[in-house]
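Please look at the sequence and the model below before reading this briefing on strand pairing and helix packing.

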Amino acid sequence: MSNRLMRLRASRHLRNLCAETEFTRAQLIQPLFIVEGLEHDEPITGLRGTARQNIPSALRQIERDLENGVTQFLLFPVPGEKKLNQFNHHFSQQAISAIRRQFGDDLCLWVDTCLCSSTTHGHCAVLDDARINLDATLNELAQAALAFAEAGADGISPSDMMDGRVARIRTRLDEGGFELTPVMSYSTKFASQFYGPFRQAADSAPQFGDRRHYQIDVRHRTDALACSERCAEEGADLLMVKPGLTSLDLIRPIHERTGRAVGAYQVSGEYAGLALLAEQGLTNFDAALRETWHVFKRAGAQYIITYGARYARQLGI
Ligand code: PBG
């Protein structure tokens, strides 16, 4: 048989020779949950290797991660006290500046910018009764972004899906003298059943209703593309699809339309799925994780946000 495609799969060396996706640890971003008022680390169901931590414990964790070659972090600050429509960035700033003080420019620190962990209702917005007050929400998001930048964040990562947030954040950062602080926008973010473990970790589950009036409907491809295009127009430097595995088809089209780098967020439910399968003896965790990362790359992702970034070296990446 002249056309035997199996011939080039027959040895490890031939497979390596032909492999088209390669990436480095520098393109993996490790999420961190830093929670106010915690006495001890609290493991998060399904999120192997990730815990809710207080500031000193997170600093020790980052030190270990740096030793393992992780340089990119996405911080989720979780304040201890929740208010209805009042926001105070004191704890987030404390966490950011502690990291900055200890590690200088050894790492790149992105900070998730949203309101859902700080509000009593758990929605990503300021609400008047049950309705989103868009202008007040944008104002709070921009204020949070500026506070994070002032505390030493390297980049701002808005995850709320409110119309116009990137523009408002960009303007506020520029006015504050942070013209060079990039925005990595959660630009195509779907309403999804795969955020479960995260909402426990960040204590951000909506207390009524759901997020379908601001996050994208999985059936609406045009909207999914438009959201990333608009973020790019408003000045987002980096774009993202989320969840990663359920958005693979959108990564290249978004890149082609915007010319911006597009990342994939392997969200908590996707990652926990692998860990739980492995716990039941139904898959090999390391190999499954590596497989998904290569698939994100094959789909065109420039960077990957994954709870497993700290395992990359162990996986040979
Ligand atoms: C907050 C936010 C969420 C995630 C990142 N930022 C949850 C949500 O939108 O409900 C999900 C991340 C994950 O599941 O790993 N707006």
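Thr188 has Val241 in strand E10 as its bridge partner. The model is predicted, so that local features need pLDDT of at least 70 and side-chain atom pairs count only at pLDDT 80 or more, while totals for chains, interfaces and linings use all residues. Residues are numbered from 1 along each chain as its sequence is written, and side-chain values use heavy atoms, with hydrogens and water left out.

**Strands**

- Strand E9 (residues 188–189) and E10 run parallel and are joined by two bridges, where pairing requires that DSSP finds at least two bridges between two strands.
- E10 also runs parallel to strand E11 (residues 261–266), to which four bridges join it, and among these pairings Met240 has Gly263 in E11 as its bridge partner.
- Strand E10 (residues 238–242) is mostly covered, as four of its five residues are buried, that is, under 20% relative accessible area with a 1.4 Å probe and protein chains only.

**Helices**

- Helix H7 (residues 221–233) packs against helix H8 (residues 248–258) at an angle of about 40°, with their axes 10 Å apart.
- On the H7 side Arg221, Ala224, Leu225, Ser228, Glu229 and Ala232 meet Leu250, Pro253, Ile254, Arg257 and Thr258 in H8, with contact meaning heavy atoms within 4.5 Å.
- The residues of this contact of H7 with H8 divide into six nonpolar, two polar and three charged.

Notes. Axes fitted to C-alpha atoms, helices over the stretch in contact; angles between N-to-C directions. Nonpolar A, V, L, I, M, F, W, Y, C, P; charged D, E, K, R; others polar. Buried < 20%, exposed > 50% of the residue type's maximum accessible area, 1.4 Å probe, protein only.
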